[in-house]
Amino acid sequence: MSKLRFFISMSLDGFVAGPNQSAKDPLGDGGMQLHEWIFPLAVWRKDHGEEGGETNASTPVMERRTADIGAVVMGRKMFGGGPGPWGEDPWRGFWGEAPPFHVPVFVLTHHAREHLEMKGGTTYNFVTDGIEAALDQARDAAGGKDVSLAGGADVFRQYLVAGLVDELDISVVPVLLGEGERLFENVGSEPPQLEPVDVVDGPGVTHLRYRFPK
Amino acid sequence: VSTISHHTMSLDGFIAGPDDSIDWAFAFGEPTSLGEETMHRIGAIVAGRRWYELATARWDGVGGIYHGEWDGRVFVLTHREAEDADPRISFVSGGIEEAVGAAQESAGDKDVGIFGGSLTRQCLDAGLLDEVVLHLAPVLLGSGVRLFGDERAKQVELERVSVGEADQLTDLRLRVRR
């Protein structure tokens with residue numbers, strides 16, 4: 001069966017965003033440091049329409065994260081546009097008219113909405129009946145490929161606690177943010193068991209991959 | 001002489017689980033040689049009251065440290081001295097500087113080990129910590145004692161010195177940037 005895979009950058013003390021997160025600054029104070037290892041990579045620059053960049057030990061990690069992905073699930077906050085009803089001129093995502101997903105995306109929301117066809121193979125589908133329904137629909141759309149959980153951290157935790165995450169790919173950045181949003185918060189008194197898969201040592205980041213045995 | 005915080009930490013950041021449990025830490029095999037290297041570097045240890053209670057209950061004192069293979073003194077930062085403590089344990093009530101200072105004196109040319117989440121944070125806040133050595137365990141504990149504390153704290157940059165893969169543990173050695 002196709003897997004549900006989640007990747008994210010985390011500080012050594014467990015934060016995925018700094019304090020004072022807002023719609024304008026979703027990473028919070030200091031949160032950008034968690035992603036600085038990505039920007040010099042040629043593979044990232046190419047995905048974002050830029051030339052040049054470098055290839056290093058983190059390159060295959062970036063490549064594997066997008067390989068064999070047939071659909072994406074994300075939370076409403078990740079998609080953006082603020083909470084509540086969509087309004088007259090509804091938000092069309094953070095990523096412009098040609099988003100970098102190139103596959104069907106399933107957005108968890110309490111507010112129903114017609115699906116959106118974007119350029120480059122991305123469609124946005126809005127799911128109002130919960131995380132399991134969204135995953136089922138994503139799996140159908142993925143046609144045997146895996147499903148990528150795009151976040152945010154709160155949606156990840158919902159899938160984690162429900163035992164639905166198959167693979168966790170964490171990029172640990174050697175900084176202590178000291179406050180902000182923790183990745184693992186309220187994961188319950190019996191969090192799921194995990195197994196290490198592999199470790200990749202990149203410049204300024206350590207990539208740790210785990211699977212959840214079923 | 002360096003000050004080294006040395007722990008086995010769960011993926012969600014805990015060095016002790018619910019009810020101070022630490023048995024989980026032994027379930028993932030041995031670390032790489034980094035564990036032993038760190039032990040040999042450490043000449044004296046600063047620990048907290050929580051470590052003292054746990055170590056006294058489980059090992060009658062210092063016997064459990066590094067499987068009993070380590071030789072040195074432990075300085076426990078606490079306001080409540082205990083009687084009949086292991087002769088290798090001393091109590092320090094003055095504060096983190098005093099405790100680290102006493103341990104440095106005892107360690108001689110060797111380094112000082114820091115055991116405990118609260119103490120690691122106190123050392124970071126006081127600018128006394130040089131290194132963090134971690135054996136990262138593939139487990140989520142959900143609650144317990146966090147290595148880097150529960151309270152809001154200032155940002156600290158580190159520099160990774162080495163990464164190693166053991167049986168199931170991931171070993172990280174990091175230097176604190178100041």
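Leaving aside neighbours within four places in sequence, B:Asp71 is in contact with B:Gly43 and B:Arg88, contact meaning heavy atoms within 4.5 Å. This is a predicted model, in which local features need pLDDT of at least 70 and side-chain atom pairs count only at pLDDT 80 or more, while totals for chains, interfaces and linings use all residues. Residues are numbered from 1 along each chain as its sequence is written, chains are lettered from A and ligands numbered from 1 in the order in which they are written, and side-chain values use heavy atoms, with hydrogens and water left out.

- B:Asp71 lies in the loop between helix 2 (49–59) and strand 4 (73–77) of chain B, where helices (H or I, at least four residues) and strands (E, at least two) are DSSP runs numbered from the N terminus.
- B:Asp71 counts as exposed because its relative accessible area is 65%, the classes being buried under 20%, exposed over 50% and partly exposed in between (1.4 Å probe, protein chains only).
- From C-alpha to C-alpha, B:Asp71 and B:Asp60 are 15 Å apart in space, and they are eleven residues apart in sequence.

**Interface between chain A and chain B**
- The contact draws 33 residues from chain A and 31 residues from chain B.
- About 2,500 Å² is buried between the two chains, with carbon and sulfur atoms giving 60% of it; buried area is the accessible area (1.4 Å probe) that two parts lose on being put together, summed over both.
- On the chain A side, A:Leu12, A:Pro174 and A:Leu176 lose the most area to chain B, together 25% of what that side buries.
- Three salt bridges are counted between chain A and chain B, each a side-chain nitrogen of Lys or Arg within 4 Å of a carboxyl oxygen of Asp or Glu.
- The side chains of B:Arg160 and A:Asp201 form a salt bridge at 2.7 Å, N to O.

**Strand pairing**
- Strand 9 of chain A pairs with strand 9 (residues 156–165) of chain B in the antiparallel sense over two bridges, pairing being assigned if DSSP finds at least two bridges between two strands.
- In this pairing, A:Leu176 stands opposite B:Val156 in strand 9 of chain B.
- Within chain A, an open sheet of nine strands has the order 5-6-4-3-7-1-8-12-11, with mixed pairing.
- The edge strands of that sheet are strand 5 (116–117) and strand 11 of chain A, each of which pairs on one side only.
- Strand 5 of chain A runs antiparallel to strand 6 (residues 123–127) of chain A and is joined to it by two bridges, with A:Leu116 opposite A:Tyr124 in strand 6.
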